[in-house]
Amino acid sequence: MTAEPMPLSVLDLSPVPTGSRPSQALHETLELARTAEAAGYHRYWLAEHHNIPSVVSTSPEVMIAAVAAATSSIRVGSGGIMLPNHSPLKVAETFRVLAGLYPDRIDLGIGRAPGTDQRTALALRRSRETLGADDFPEQYAELRAYAEGFPSGHPFAPISAQPDDVPLPPVWILGSSTYGGQAAAALGTGFAYAGHFGTLDPAGVIASYRENFQPSDHQTSPHAILALAAIVSDTEERAQQLARANALSMLRLRSGRPGPLPSPEEAESYPWSEGELAAVEEWSGLVSVGTPEQVAADLLHRAKSAGADELIITTNIHNPAERRRSFQLLAQEWGLKPR
């Protein structure tokens with residue numbers, strides 16, 4: 001690629017393959033994190049999802065601690081914490097603890113979606129009032145205030161988010177629509193666009209974020225991360241087999257039949273209908289698939305077209321060893337410097 005490639009990072013949902021225990025996916029996340037660090041990836045972010053049988057990314061804060069302990073230099077963070085599911089105070093405390101344990105290595109990515117279905121969101125948030133509330137800016141302001149201070153007379157002013165000698169980690173706002181970019185611009189934070197499932201042109205969303213960015217005390221210039229999905233293998237044929245299995249998983253999720261991540265053999269024997277094949281073809285543009293050369297070229301084109309500063313890649317492959325291999329092949333072709 002280039003002598004100084006664009007930073008490349010990992011977004012991990014801890015996928016659960018068919019035929020394996022869900023808890024094993026947590027251990028595979030640690031293995032992938034070690035692989036990513038050795039390959040030279042910049043960040044390792046953990047997602048938040050609930051009540052989805054294909055992933056066990058339910059507690060990113062726990063996994064951040066585990067991944068940071070299993071590695072030594074890669075940045076580790078949330079991609080992201082769904083802020084409406086949590087108390088801002090608890091988020092401030094949790095990420096100050098993480099920052100205290102792992103100085104200068106923690107990122108706090110936050111979003112406003114529930115990361116689940118409405119019933120599960122209600123179970124998380126405990127009331128229909130909070131389920132329907134649209135108060136993300138207020139929640140963000142409260143989160144910041146635990147680190148930077150509340151206005152005089154505020155009822156929460158006496159509350160201290162411990163350890164209070166540790167700053168809040170760098171904050172990123174995540175989004176799959178225009179709202180996330182607008183919020184990140186107005187609040188002066190980094191922005192990560194979910195291009196692995198978002199339907200908008202990321203170039204427009206990122207351009208709007210840059211144009212409207214308001215410098216803040218904690219960030220003086222815009223920085224945009226583009227999240228993309230990729231599946232890399234030594235041969236194009238094998239990559240396409242892995243991609244078809246990923247497509248079957250997406251089909252089941254979007255049709256209300258979620259389950260563990262199927263194998264290529266399951267996808268090969270699945271009785272695809274014409275409508276399902278058409279849907280898969282429509283979604284195929286969301287995933288870069290092929291050999292290292294093909295995928296790296298496609299990702300770089302997408303990143304440059306979008307005006308991104310950095311790429312963060314998610315990869316769902318049934319076999320954990322092939323998943324790790326996918327990230328290794330991409331890192332080598334991208335020109336990352338192994339650690």
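1. N319 caps the N-terminal end of α13, with a side-chain oxygen 2.7 Å from the backbone nitrogen of A321. Helices here are DSSP runs of H or I of at least four residues, strands are runs of E of at least two, and both are numbered from the N terminus. This is a predicted model, in which local features need pLDDT of at least 70 and side-chain atom pairs count only at pLDDT 80 or more, while totals for chains, interfaces and linings use all residues. Residues are numbered from 1 along each chain as its sequence is written, and side-chain values use heavy atoms, with hydrogens and water left out.

2. Helix α13 covers residues 320-334, and its 15 residues should span 21 Å at 1.5 Å a residue; the end C-alpha atoms are 21 Å apart, which agrees. The expected span is 1.5 Å times one less than the number of residues in the helix. Just after α13, G335 takes a positive phi of about 95 degrees.

3. The buried residues of α13 are R323, S326, F327, L329, L330, A331 and W334. Buried means under 20% relative accessible area, exposed means over 50%, and partly exposed lies in between (1.4 Å probe, protein chains only). An α-helix has 3.6 residues a turn, so residues three or four places apart point the same way. The buried residues of α13 pack against β1 (8-12), α1 (22-39), β7, α12 (292-306) and β9 (310-314). Contact means heavy atoms within 4.5 Å.

4. R43 is found in strand β2 (residues 43-46). R43 counts as buried because its relative accessibility is 6%. Its side chain makes a polar contact with the side chain of E310, at 2.7 Å. A polar contact is a pair of N or O atoms within 3.5 Å; within protein, one must be able to donate a hydrogen and the other to accept it, and residues adjacent in sequence count only if both atoms are side-chain atoms. Leaving aside neighbours within four places in sequence, R43 is in contact with residues including L8, I74, D107, W172, H223 and E310.

5. D107 is found in strand β4 (residues 106-111). At 1% relative accessibility, D107 counts as buried. Outside the four places on either side in sequence, the contacts of D107 include R43, W45, R75, F95, P169 and W172.

6. Where does Q219 lie? Q219 is in the loop between α8 (202-212) and β7 (224-232). Q219 is buried, with a relative accessible area of 16%. The backbone nitrogen of G190 lies 3.1 Å from a polar atom of the Q219 side chain. Leaving aside neighbours within four places in sequence, Q219 is in contact with V171, G188, T189, G190, Y209 and F213.

7. The axes of helix α3 (residues 88-101) and helix α6 (residues 136-148) come within 8 Å and cross at roughly 45 degrees. Axes are lines fitted to C-alpha atoms, for helices over the stretch in contact, and angles run from 0 to 180 degrees between N-to-C directions. α3 and α6 are therefore oblique to each other. Angles under 35 degrees count as roughly parallel, over 145 as roughly antiparallel, 65 to 115 as roughly perpendicular and the rest as oblique. In α3, P88, L89, V91, A92 and R96 meet Q139, E142, L143, Y146 and A147 of α6.

8. Helix α9 (residues 236-254) and helix α11 (residues 274-283) pack at about 110 degrees, with axes 10 Å apart. α9 and α11 are therefore roughly perpendicular to each other.
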